[in-house]
Amino acid sequence: MSDLRSIVIIGAGECGICAALTLRDEGYTGEIALIHGEAVEPYEKPPLSKPGPDGISIKPISGTDRILRENIAVYHDQRVTEIDRTIKSVVLTNGEMISYDRLLLATGARPRALMIDGREIQQARLFRDFSDAKAFFDILAPDYRLTIIGGGFIGLELAAAARQRQVQTTLIESAPRLLGRAVPEALAARIEARHREEQVQFHIGQSISSISPTRKVTLADGTEIMSDIILAGIGSMPNMDLAEQCGLTIDNGIAVDACFRTSDPAIFAAGDCCSFPHALYGMKRMRLESWRAAQEQGAHAARAIIGSTGTYQSVPWFWSDQYDLTLQIAGLPSEGVTIVKRMLDDKSEILFHLDVEGRLVGASGLSRGNKIAKDIRLAEMLIAKRSHPDHQALADPKFNLKSLLNA
Ligand SMILES: Cc1cc2nc3c(=O)[nH]c(=O)nc-3n(C[C@H](O)[C@H](O)[C@H](O)COP(=O)(O)OP(=O)(O)OC[C@H]3O[C@@H](n4cnc5c(N)ncnc54)[C@H](O)[C@@H]3O)c2cc1C
């Protein structure tokens, strides 16, 4: 650590903030420059798609107030436009140059734009940051016709928020089912049913053939959907332009090792922008887009920057809230081949996902309210321990999973 005098962090999201504070927690006393590309104070992204009745407001990232007390130089509303690896410096929008001994890219991701016939559809709004969210909710009015393209988390959370505002909501998904990538079919079906109860109109397994300038959406089967607002929630792409420009290795994101170091030993990347090999899953390379992973990776990268060599082992964890439903996913359900179901009550269930050798690799739960939280937390600990739990114990809601931790 003694040779380090200047650390630059690009991006003051969940990952960048956590990295900056961890550097101080770990005793690093040199300069930290945190480049915050937005004009508003650093804020949490998950509440943007789950606004309460009062609408959108900024929820500061926890610890942001500490940033000011920790002698961290925050460059507000400034973006890094270039990284010069030969002289180890970054250039800001205002032309200022900042030198670094170590650099952390915590640049997050951006929404994928809707393309039809190779053309970007401008009528379809995108949703990622505070200004997108504010613009979207400011114009939503009861009885407006909203068409959401994409049945992933963002699309579904916004459908729920729109229905709570009496907006006529139609959702189009081209895949055969909702939440295809991340959520087991049984839970996705329950989520779809809940949206149908709330009168969301679905067109599933349907692709879009055109969108007119007046926002008429025409599906491949000829169905026409008139819309006042169209929103595309069709996934996101890592912000890796800077990394590409300066020649870092890219592989579904900025490629890093298990300590979040890029192909340049002086540069690290973490959070939504990076792909990393996960030790819990046989060093399989993955990119996570999750609030907690962004924090944990930021902290891990910070420790690696100042010399720690530990391998990242945190269990992936994600949640989504839609109406009164809470979904939580720990680990990677897609790595499992066997599912064991545990019904906590008639509305709360957890699916445990085990691999071919019987190792617990994921757990996914859905409940009204937060009844699944405790068991998901215990499942997370079992996944971290690489446990091979007994199926009957997992299935029995009266069995305390805690006792499996000592097995
Ligand atoms: C609407 C929404 C809802 C979500 N809901 C959930 C949820 O319910 N559960 C969950 O687990 N996760 C959720 N997520 C995901 C979670 O919020 C993200 O995984 C997390 O915010 C990623 O943090 P990050 O710091 O890596 O990136 P970000 O939060 O995207 O921060 C990156 C920052 O870097 C800045 N930046 C980029 N390039 C530059 C540059 N060149 N110069 C300067 N600054 C730059 C960006 O402007 C941004 O401020 C949600 C995300 C969104 C968008």
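The model is a predicted one.

Start with the whole chain. The protein holds 10 helices and 28 strands. Along the principal axes, its C-alpha atoms fill a box of roughly 60 × 60 × 40 Å. The radius of gyration is 22 Å; a compact globule of 407 residues would have a value near 22 Å, so the two agree. Of the 407 residues, 42% count as buried. Take the contacts between residues at least 6 apart in sequence: 61% of them join residues at least 24 apart.

Now turn to the ligand. Around the ligand there are 34 residues, and Gly11, Gly13, Gly37, Gly108 and Gly271 come nearest. Helix H1 (14-25), helix H7 (291-305) and strand E24 (317-322) are the elements that give two or more residues to this shell.

Three strands form an open sheet in the order E20-E22-E23, with mixed pairing. Strand E20 (254-255) and strand E23 (284-286) are the edges, each pairing on one side only. E20 runs parallel to strand E22 (residues 274-278), and 2 bridges join them. Within E22, Ser275 is the residue that stands opposite Ala255.

Helix H4 (residues 153-163) has 10 of its 11 residues buried. Phe153, Ile154, Gly155, Leu156 and Leu158 are among them, and so is the charged residue Glu157. The run of alanines Ala159, Ala160, Ala161 and Ala162 is buried too. What do the buried residues of H4 pack against? Their partners are strand E12 (145-149), strand E13 (168-173), helix H5 (185-197), strand E18 (229-232) and E24. E24 also gives residues to the shell around the ligand.

Gln199 is not a glycine, yet its phi is positive, about 70°. Gln199 sits in the loop between H5 and strand E14 (201-204). Is Gln199 buried or exposed? Gln199 counts as exposed, because it has 10 C-beta neighbours inside 10 Å, and the limit for exposed is 12 or fewer. Arg215 also has a positive phi, near 70°, and is a residue other than glycine. Its place is the loop between strand E15 (208-211) and strand E16 (216-219). Arg215 has 17 other C-beta atoms within 10 Å, so it is partly exposed.

Strand E26 (residues 338-345) and strand E27 (residues 348-354) pair in the antiparallel sense over 7 bridges. The two form a hairpin, with 2 residues between them. Arg342 has Ile350 of E27 as its bridge partner. In a regular strand the side chains alternate between the two faces of the sheet.

Phe352 also belongs to strand E27. Why does Phe352 count as buried? Phe352 has 29 C-beta neighbours inside 10 Å, and 20 or more are needed. Beyond its neighbours within four places in sequence, Phe352 is in contact with Ile339, Val340, Arg342, Leu360, Ala363, Ala379 and Leu394. Leu394 lies 42 residues away along the chain, with 7.5 Å between its C-alpha atom and that of Phe352.

His388 is the last stop. The residue lies in the loop between helix H8 (373-384) and helix H9 (391-395). With 14 other C-beta atoms within 10 Å, His388 is partly exposed. Which residues is His388 in contact with, leaving aside its neighbours within four places in sequence? They are Glu357, Gly358 and Arg359. The C-alpha atom of His388 is 5.9 Å from that of Leu360, across 28 residues of sequence. Leu360 is also one of the contacts of Phe352.

How values were computed: Residues numbered from 1 in each chain as written. Predicted model: local features only at pLDDT ≥ 70, side-chain atom pairs only at ≥ 80, totals over all residues. Near = placed C-beta within 6 Å. Helix = DSSP H or I, 4+ residues; strand = E, 2+ residues; numbered from the N terminus. Rg over C-alpha atoms; globule rule 2.2 N^0.38 Å. Contact = placed C-beta atoms within 7 Å. Pairing = 2+ DSSP bridges.
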